[in-house]
Amino acid sequence: MTTRAAIVSGITILLGIPAATAGAQNGAHAHILQVVNPEATSVAELGFLRQALGEAGTVAEYAAFAAGGQQRPGDLQAMKTHAGNVLHALDPTRRESGPGLGFGLLNASRNTIEHVRMAADAPDASENLRAHAAHVVSCVRNTLERARRMLEITEGILATESAHEADELSDELNTLGFQLRNGVDANGDRLVTWHEGEGGLYVAQEHMQMLMRREGIG
């Protein structure tokens, strides 16, 4: 598991954008490079969106274990164990040990939104950047809402002494874990877009890639 010291060190490195990139960046681009750093050489330097994607993968994996990976049907202790691992990957401040990168999905998502918004608000931000930034923020905000609900569910699983209740909660946890990255077709049009209640981190990543390509970043 990544230690707090390593996290702080990684963020410090991340803020010191590599010299090869620094000469070509402007104010708006500096914030984008904190969200996705194409020159990253370690997990700590990945940028907030890619950290969020990594943590979301861990959350989804252990949510699936909770829903279907019990050693036997009705294994309350197994569901509690997997729910605890989900909780750590969502927010390491609530459970210190567990799998994941050590950043926490909630924290990485909040940092993504903060820096994408700062990029869009920068005086030198282009219309392209502002447009895609809004789409990225919408998708990550959807992810945050799902993650917050997952926090409530994990706490419910950890608190209950009913295997039946834990099993029902685990099913919802698994559904939301899938949606963190994949999103959901909320309006039934067979598309998962950046709109409220739909896109997850994969759609956010797509729009970030379009933004960076059109801005000539990376």
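Glu145 and Arg148 form a salt bridge, with 2.8 Å between the closest N and O atoms. The model is predicted. It holds 7 salt bridges. Helix 7 carries several of the residues discussed below.

**Glu145 and Arg148**
- Both residues sit in helix 7, which spans residues 127–159.
- They are 3 residues apart, so about one helical turn separates them.
- Glu145 is partly exposed, at 48% relative accessibility.
- Arg148 is also partly exposed, at 35% relative accessibility.

**Arg149 and its partners**
- Arg149 forms a salt bridge with Glu152, at 2.9 Å from N to O.
- Glu152 is partly exposed, with a relative accessible area of 48%.
- Arg149 also meets Glu172 in a salt bridge, with an N to O distance of 2.9 Å.
- The Glu172 pair links distant parts of the chain, as Glu172 is in helix 8 (residues 163–182) and Arg149 is in helix 7.
- Glu172 and Arg149 are 23 residues apart.
- Glu172 is partly exposed, at 30% relative accessibility.

**A salt-bridge network**
- Asp91, Arg94 and Glu155 are linked through a network of salt bridges.

**Background**
- Side chains of opposite charge can pair when their charged atoms come close.

Key
Residues numbered from 1 in each chain as written. Predicted model: local features only at pLDDT ≥ 70, side-chain atom pairs only at ≥ 80, totals over all residues. Heavy atoms only, no water. Salt bridge = Lys/Arg side-chain N within 4 Å of Asp/Glu carboxyl O. Helix = DSSP H or I, 4+ residues; strand = E, 2+ residues; numbered from the N terminus. Buried < 20%, exposed > 50% of the residue type's maximum accessible area, 1.4 Å probe, protein only.
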